[in-house]
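Good morning. I will go through one protein chain, first as a whole and then through a few of its side chains. Please have a look at it before I start.

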Amino acid sequence: MAQRYFAAPGEGPGQGAAPCAVCPLAQDSVPRVGQAVPGDARRGKRVPMKPLAGTAVIGIGNEFRRDDGVGWATIALLCEREARRPLPSGTELARSDGDPGRLMTLWEDKALTLVIDACFPPAAQPGRTHRWCVAPGEMPHPAAAGRQSTHGLGLAEALCLADSLGRGPGRLIVYAVEGADRSLGTGLTLAVSAALPHLARRIEEDVRKHGERTRRTRFDPGSPLV
């Protein structure tokens, strides 16, 4: 079911937050495009070559198209916040340009996938965020799917292709952030930048709830029933 939420009081559009494309982080802690970085790796520990279960958090975007870079900026903020409170083991943070093949590689074998992307509806309210839980075989809401992407085919097309190949994600949650500006340039607009802190906390809640449910019920994390 589609859900909407707005930035918490003091974090909404126009609350004075400075616009930024990517939160300041050491470059080696932010994933490159198409690269998923496990939590242990971000903290300097050895990790298995290919995790078989867990969660993928994927920011889709184009940092040179202003608000279209909100997915990447969210991943950067999650990396920064994780230094203070690590995410559950098996969580991977990744940035993507929206290429279907690379998206399939990132979410393959993951019990939960969260995708963050920008959308540009006709009557946009910059910074407003939509959240959808997408069942296997379903498509995201038109506000996310019909986003007039500036970086490739887009999420809906990637999901269609993945389902046809049997490489679709397990449980999928999509966050679509309404943007104001997708012209050439770097840096998010003020309203979109102000929405990031609440968005990051909501994503962390989803990831931690999934991890807690897996531990409590003893389900196989890779099971589609989780």
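A residue is called buried when its relative accessible area is under 20%, exposed when that area is over 50%, and partly exposed in between, using a 1.4 Å probe and protein chains only. By that rule, 49% of the 226 residues in the protein chain are buried.

Two remarks on where this comes from. The model is predicted, and local features need pLDDT of at least 70, side-chain atom pairs count only at pLDDT 80 or more, and totals for chains, interfaces and linings use all residues. Residues are numbered from 1 along each chain as its sequence is written, and side-chain values use heavy atoms, with hydrogens and water left out.

Now the overall layout. Helices (H or I, at least four residues) and strands (E, at least two) are DSSP runs, numbered from the N terminus. The protein chain has 7 helices and 7 strands, and their order along the sequence is β-β-α-β-α-β-α-β-β-α-α-β-α-α. If we count a contact as heavy atoms within 4.5 Å, then of the contacts between residues at least 6 apart in sequence, 85% join residues at least 24 apart.

Next, helix α5, residues 155-164. Which of its residues are buried? They are Leu155, Ala156, Ala158, Leu159 and Ala162. These residues lie on the same side of α5 because they cover an arc of only 160° around the axis, the arc being that of the directions from the helix axis to the C-beta atoms. Just after α5 comes Gly166, with a positive phi of about 70°.

Last, salt bridges. The term means a side-chain nitrogen of Lys or Arg within 4 Å of a carboxyl oxygen of Asp or Glu. The structure holds 9 of them.

One joins Arg66 and Asp181, at 3.3 Å from N to O. Arg66 sits in the loop between β3 and α2, and Asp181 in the loop between β7 and α6, 115 residues apart. Arg66 is partly exposed, because its relative accessibility is 22%.

Another joins Glu92 and Lys110, at 3.6 Å from N to O. Glu92 is in strand β4, while Lys110 is in the loop between α3 and β5. Glu92 is buried at 6% relative accessibility, and Lys110 is buried at 8%.

Salt bridges with shared partners join Arg131, Arg202, Glu205 and Asp206 into one network.
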